[in-house]
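Have the viewer open as you read.

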Amino acid sequence: MSRPSARFELGARRELITVDECRITPYRDGPLLVRGPFKLTDQDGNEIDARRETIALCRCGHSKIRPFCDGSHTTTKFRAAGGSEGRRRT
Amino acid sequence: MSLPDPRGPLSRHLLEHFVQSPHEFSSPSPEGDPLGSDDFHLALYLCYELHYRGLTGVSEAWEWNPSQIAFRQSLEVRFEDALRSRIPVESSNGDIATRLRAVTETDSHPSLADYMRFKSTIEQFKEFVVHRSAYQLKEADPHSWVIPRLSGRAKAALVEIQADEYGSGSAERIHARLFANTMDALELDSDYGAYVDVIPGVSLATVNLMSMFGLNRRLRGATVGHLAVFEMTSSIPNRKYASALRRLGANGATDFFDEHVEADAVHEMIALHDMAAALAEDEPALTGDILFGARALVDLDAAFASHLMSSWAAEQSSLYTSDASAPLSL
């Protein structure tokens, strides 16, 4: 009887991950991808319409539609790790 | 889709049989340039269309008719052979993301997007949209054939992209619908297949490439490589196309292109890292085909761009006509 129960718990946890958690990922040489649920606002707290469930936020600084990515990292040869870099613990 | 006029022996042969009830027939041996012939690629496009929306007045039972499939395969063999003989075989060493990026950077064809942005006339932009309608009115569909052929990470990533292409549950945001809106705003006919009669082989070849990859399970790696490079080379050109429309005063037609700037910036990362790199890691034997699919896309897109630019440089229409003395107007 323990197996079906364990499977149910795994299913419930997957649900939690996909529905309730926001995930932000720096992609190599590219933008930060944000997978919902999230709310994007300007610095005054006004909501910026994301228009999609997953968005790419500019990391190279050259996008013409900031804060969103427009692919400019390719032309500027932006280089960055697909994860955390140069961070000190203390 | 309404039936087009034949352009030569292959399409004539096919159309003569298609208007009858499904039956056995023998195929002529394929002629013409398998990378760009108008007749060759119209015939292949019609065979594939049976698997998409179908052909008006043609029995749906033709889809899996053995003679039709045999004919289609005889074209596919020549098409694939011609592509493989032009594209160097890749070793399977090295980081796939870097190598796919390199494929996009070796693309040296004259920039169609830059021409459109700064120089195109509205008539030329409309021609460009007509060419693209052969794919965009079924945008994303050819790559969806590969979904049941993938598993795990690559499958999840591909479906994440496709869900966005299909409007994330909203029919009016389906990208093919956005393209139809662009056609309407430009006073073009947005009915599916309305322009097939004027779309040349060099344009149909770019769509047939995706259908061939998608409908053949053994080419699943090529589908993934094709989609990865498609998404990687999309955001910046689409920004330029939107800019061209604003320059030309067609502000009501930009939504499709604006949407693709943002959407494909997301898709690029998912396609490259979560889909293509994951597939190469999970199934290393497919690495060569992932790169083949990528290079084939760049190769055929370059031929398409050259055709448009050279036609316009000669002050001619880039659309297909069987009668060169009768210039086309949209």
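What pattern does chain A follow, read along the sequence? Chain A goes α-β-β-β-α, with two helices and three strands in total. Helices (H or I, at least four residues) and strands (E, at least two) are DSSP runs, numbered from the N terminus.

A word on bookkeeping. Residues are numbered from 1 along each chain as its sequence is written, while chains are lettered from A and ligands numbered from 1 in the order in which they are written. This is a predicted model, where local features need pLDDT of at least 70, side-chain atom pairs count only at pLDDT 80 or more, and totals for chains, interfaces and linings use all residues.

**Chain A**

pLDDT is the predictor's confidence in each residue, from 0 to 100. For chain A the mean pLDDT is 83, and 78% of the residues reach 70 or more. Residues 1–17 of chain A stay under 50, and the model has one contact beyond four places in sequence for them. Contact here means that the C-beta atoms of two residues, placed from the backbone, lie within 7 Å.

Of the 90 residues in chain A, 19% are buried. Buried means 20 or more other C-beta atoms within 10 Å of the residue's own, exposed means 12 or fewer, and partly exposed is in between, with C-beta atoms placed from the backbone. Among the contacts in chain A with a separation of 6 or more, 31% link residues 24 or more positions apart.

The strands pair up as in the table; pairing requires that DSSP finds at least two bridges between two strands.

| Strands of chain A | Sense | Bridges | A bridge pair |
|---|---|---|---|
| E1 (residues 23–26) and E2 (residues 32–35) | antiparallel | four bridges | Thr25(A) and Leu33(A) |
| E2 and E3 (residues 54–57) | antiparallel | four bridges | Leu32(A) and Leu57(A) |

The hairpin of E1(A) and E2(A) has five residues between the strands, and there Asp29(A) takes a positive phi near 55°.

Chain B splits into domain 1 (9–85) and domain 2 (92–313), with bounds that come from an automatic or database domain assignment. Their centres, taken over C-alpha atoms, are 24 Å apart. Across the boundary, 17 residues of domain 1 of chain B are in contact with 15 residues of domain 2 of chain B. On the domain 1 side, helix H2 (38–49) and helix H3 (66–86) of chain B each give two or more residues, and H2(B) gives the most, with seven residues.

Which residues touch the most other members of the largest nonpolar core? They are Ala228(B), Met275(B) and Ala276(B), in a core of 102 residues. Such a core is a set of buried Ala, Val, Leu, Ile, Met, Phe, Trp, Tyr and Cys residues joined through C-beta atoms within 7 Å. H13(B) is the top contributor to this core, with 16 residues. Both domain 1 and domain 2 of chain B give residues to the core, so it lies between them. Leaving out residues up to four places away in sequence, Met275(B) touches Ala154(B), Ala157(B), Leu158(B), Val224(B), Ala228(B) and Ile270(B).

**Where the chains meet**

The contact uses 18 residues from chain A and 16 residues from chain B. On the chain B side, two or more residues come from each of helix H8 (152–165), helix H12 (235–247) and helix H13 (255–282). H13(B) has the largest share, nine residues.
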